[in-house]
Structure formats: structure tokens, C-alpha cells
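Please look through the sequence and the model shown here before reading on. The paragraphs that follow lead from the strands to the loops and then to a pocket.

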Amino acid sequence: MISKENKNAKRIRRHARVRNKVSGTSERPRLCVYRSLKHVSVQVIDDTKGITLVSASTVEKELAKQVEGKSRQEKAFIIGQVIGKRAKEKGIENVVFDRAGYVYTGAIKQIAEGAREAGLVF
């Protein structure tokens with residue numbers, strides 16, 4: 001019997017490998033992405049202090065109303081714009097993009113494009 005590969009376990013291994021090299025500093029924090037089947041979450045993290053500076057998610061009440069009835073890619077683009085605006089308000093312009101082992105297509109790409117459109121540089 002052929003066993004099916006666990007794609008999420010492979011993603012977690014990829015993410016751990018990348019996290020050995022990618023880390024956020026106070027000058028250039030890490031923009032970390034998480035996506036599920038229905039929702040998308042993004043955080044800007046300062047790894048030297050171990051704190052989350054800014055976050056946005058489709059689960060938040062105000063954003064849930066804004067993204068209701070849209071596709072996952074449209075939700076991701078809106079979340080990217082929101083995280084970009086919130087980061088700019090906190091004085092953050094440069095970030096390191098951490099795609100968390102996900103392939104850079106679809107929702108992950110839309111988050112990056114939305115954040116760049118809002119003014120983040122990475």
C-alpha cells in the first residue's frame with residue numbers, strides 16, 4: 001500500500017529550515033504569514049525582543065465584514081493592504097517576508113502584493 005505524503009508536515013520542515021536564516025530585527029522586522037483553508041493571518045514580528053508589532057487577520061470582526069463573500073485571494077490582498085497600513089502607522093517601512101514554507105503563489109503572493117501596494121518594502 002502506498003502511503004500519501006503529508007504536505008503540511010513537509011511545509012513545517014521547510015519553514016523550520018528557512019527560519020534558521022530569516023529573522024526580524026527592530027530595524028527590519030519579519031512579516032510572517034499563516035493561511036488556513038478559510039482564513040489568512042499576517043503578523044509583523046520583532047524576533048530580537050520576541051514581540052508582535054502589528055497583526056491582521058480575516059477573523060477580526062471589522063475585517064471579517066470587509067472580506068465577507070470574497071475569494072481567498074481577494075481576502076489575502078485586502079489583508080496585505082491592511083497590514084501594510086498598520087505597519088506604516090507604527091513607523092515600519094522595511095520588512096523581511098517570511099512565507100512560512102508556503103509556495104509563493106495564490107494567497108501568499110496576494111498578501112505580498114497588497115503589502116507592497118500599501119508601502120512596505122521587501
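Predicted model: local features only at pLDDT ≥ 70, side-chain atom pairs only at ≥ 80, totals over all residues.

Residues are numbered from 1 along each chain as its sequence is written, and side-chain values use heavy atoms, with hydrogens and water left out.

The names of the elements follow DSSP runs numbered from the N terminus, with helices (H or I) of at least four residues and strands (E) of at least two. Four strands make an open sheet in the order E3-E2-E1-E4, and their pairing is mixed, where two strands count as paired if DSSP finds at least two bridges between them. At the edges of this sheet are strand E3 (51–57) and E4, each of which pairs on one side only. From one strand to the next, the twist averages 20°, an angle that is taken, like the others here, between N-to-C directions on a scale from 0 to 180 degrees, with axes that are lines fitted to C-alpha atoms, for helices over the stretch in contact.

In general, strands of a sheet pair through backbone hydrogen bonds, either parallel or antiparallel. Six bridges hold E2 and E3 together in the antiparallel sense, and Ile45 has Thr52 in E3 as its bridge partner. The hairpin that these two strands form has four residues between the strands, and Gly50 in this hairpin takes a positive phi near 75°. On its other pairing, E2 is joined to E1 over six bridges, again in the antiparallel sense, and E1 and E2 likewise form a hairpin with four residues between them. Within that pairing, Cys32 stands opposite Gln43 in E2, and Arg35 stands opposite Val40 in E2. E2 is mostly covered, since five of its seven residues are buried, where buried means under 20% relative accessible area, exposed means over 50%, and partly exposed lies in between, for a 1.4 Å probe and protein chains only.

The loops deserve a separate look. His39 lies in the loop between E1 and E2, and at 33% relative accessibility His39 counts as partly exposed. Leaving aside its neighbours within four places in sequence, His39 is in contact with Tyr34, Thr58 and Val59. The C-alpha atoms of His39 and Lys75 are separated by 8.1 Å, although these residues are 36 apart along the chain.

Two residues may be followed in the loop between strand E4 (96–98) and helix H4 (106–118), and one of them is Thr105. Thr105 is partly exposed because its relative accessible area is 48%, and its C-alpha atom is separated by 27 Å from that of Glu27, which is 78 residues away along the chain. Ala100 also has its place in the loop between E4 and H4, and Ala100 is buried because its relative accessible area is 4%. Most residues other than glycine have a negative phi. In Ala100, a residue other than glycine, phi is positive, near 60°.

The largest pocket holds about 350 Å³ of space. A pocket is an open set of points on a 1 Å grid over the protein atoms alone, with protein on both sides within 12 Å along at least five of seven lines, and its lining residues have an atom within 4 Å of a point. Of the 16 residues that line the largest pocket, those closest to its centre are Lys7, Asn8, Arg11, Arg35 and Tyr102. Helix H1 (7–19), strand E1 (30–35) and H4 are the elements that give two or more residues to this lining, and the largest share, five residues, comes from H1.

Key. 1 Å grid on protein atoms, 1.4 Å probe; cavity = no way out; pocket = protein on both sides within 12 Å on 5 of 7 lines; lining within 4 Å. Points joined across faces, edges and corners; volume = space filled by probe spheres on them. Contact = heavy atoms within 4.5 Å.
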